[in-house]
Amino acid sequence: MATRTRPSSKRCAVIGGSGFLGRHLVERLVDRGYTVNVFDIRQAYELPGVMFHQGDLCDRQALLLALKEVSVVFHCASPAPASDDRALFQRVNIDGTRTVIQACHEAGVQKLILTSSASVVFEGTDIKNGREDLPYAKKPIDYYTETKIVQEKLVLEACSKEKGFLTVAIRPHGIFGPRDPQLVPILVDTARRGKMKFIIGDGSNLVDFTYVENVVHGHILAAEHLKADSPLCGQAYHITNDEPVRFWDFMSQILEGLGYSAPRYHLPYTLVYGIALLLWLMALVLRPLIRIKPTFTPMRVALAGTHHYYSCARAKKDMGYQPLVPLQEAIVRTVESYPHLRKGA
Ligand SMILES: NC(=O)C1=CN([C@@H]2O[C@H](COP(=O)(O)OP(=O)(O)OC[C@H]3O[C@@H](n4cnc5c(N)ncnc54)[C@H](O)[C@@H]3O)[C@@H](O)[C@H]2O)C=CC1
Ligand SMILES: CC(C)=CCC[C@@H](C)[C@H]1CC[C@H]2C3=C(CC[C@]12C)[C@@]1(C)CCC(=O)C[C@@H]1CC3
């Protein structure tokens, strides 16, 4: 058992702090005068005022070193959603989160802020202005979502005013911005392979995309408003740009901003979903012989062809959340940040 020392309210740890969201969060915390410990399986950068601890979050002893004298922990580590490694999701998102909670108790941490995901309520069918009281998905669309649900429940159930350990979950949706390794790179890769010609469905489906700085803002507000007498204890909060946009308009704006053509031809949603399902099943059957990773997974088709946008009224009411960067400004900043992905670069 580690010896407890008095934690400072301006000393925090970011688990997953080498990742896309984690690094933006670390930078903003440093700007706001926090001393930050990063805990991650890899060290991706160096920053004055930031102490790196390299390790696996399933390793309690390694975690304890990073949580020493820390009062606030942000947990934003996860395997990449595109992975199909069920055992890895179980180990990191579920067993690892149990270890994080246990280590927080042992180190005397007072607040744990989890990065959950709005997709914990998404089952592949339309969600319009969804609120936090929607039930968790009964049939989650993939292992990532399945384990994010269990993870969120674990963290929220661990909230205890009696023990002086307060927890909250932030549910962002479609995070994008500079250094994102997913959204823009996947989009450009698909365009470069000549596969960005088709719009799935009629193209009118509305989706939330959230600029990374707004997600960071939501996390810091949550940490600073989380108190024993506040309504945040043990609750989940949607954090979005609060400007639902047509999925295909958003994709087209990014593509055209980088010099690629926007998709023009429509394909019926059910047809594409059926093909994606078939490919996914084939990949599953053939897995012992050959490993295939289809671009069009059923999950991706569902994300691209349905409405999924969420209300952030609860975050506005309980923590005064308002997005700092509007969507159009966020798209411009994002496009400018990827000169190496421009057509012809
Ligand atoms: N990117 C998005 O659109 C959304 C992301 N989220 C959540 O936000 C969080 C951050 O996501 P991103 O920054 O996009 O992902 P990312 O992949 O860029 O960052 C995740 C970080 O976790 C670290 N990590 C993974 N396994 C670990 C382990 N066993 N021990 C220690 N560190 C480990 C990775 O090394 C990486 O630096 C995740 O929890 C994700 O579920 C939620 C909604 C949307
Ligand atoms: C709103 C939200 C949750 C976004 C998350 C990011 C990714 C899941 C998307 C980013 C780029 C998207 C994309 C597709 C699916 C969803 C993304 C991976 C397609 C593969 C959908 C089918 C196509 O026609 C090509 C698309 C490329 C970009």
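The model is predicted, with local features needing pLDDT of at least 70. Residues are numbered from 1 along each chain as its sequence is written.

The chain as a whole holds 11 helices and 15 strands, defined as DSSP runs (H or I, at least four residues, for helices; E, at least two, for strands).

Turning to overall shape, the C-alpha trace spans about 60 × 45 × 40 Å along its principal axes. The radius of gyration is 20 Å, which agrees with the value near 20 Å for a compact globule of 345 residues (the rule, over C-alpha atoms, is 2.2 Å times the number of residues to the power 0.38). Buried residues, those under 20% relative accessible area with a 1.4 Å probe and protein chains only, make up 52% of the 345.

Ligand 2 is surrounded by 16 residues (each with a heavy atom within 4 Å), and the closest are Met196, Val207, Phe209, Phe296 and Leu303. The protein covers 93% of the 590 Å² of accessible area that ligand 2 has on its own (Shrake-Rupley method, 1.4 Å probe). Helix H5 (183-192) and helix H9 (298-305) are the elements giving two or more residues to this shell.

Notes. Chains lettered and ligands numbered in written order. Predicted model: local features only at pLDDT ≥ 70, side-chain atom pairs only at ≥ 80, totals over all residues. Heavy atoms only, no water. Buried < 20%, exposed > 50% of the residue type's maximum accessible area, 1.4 Å probe, protein only.
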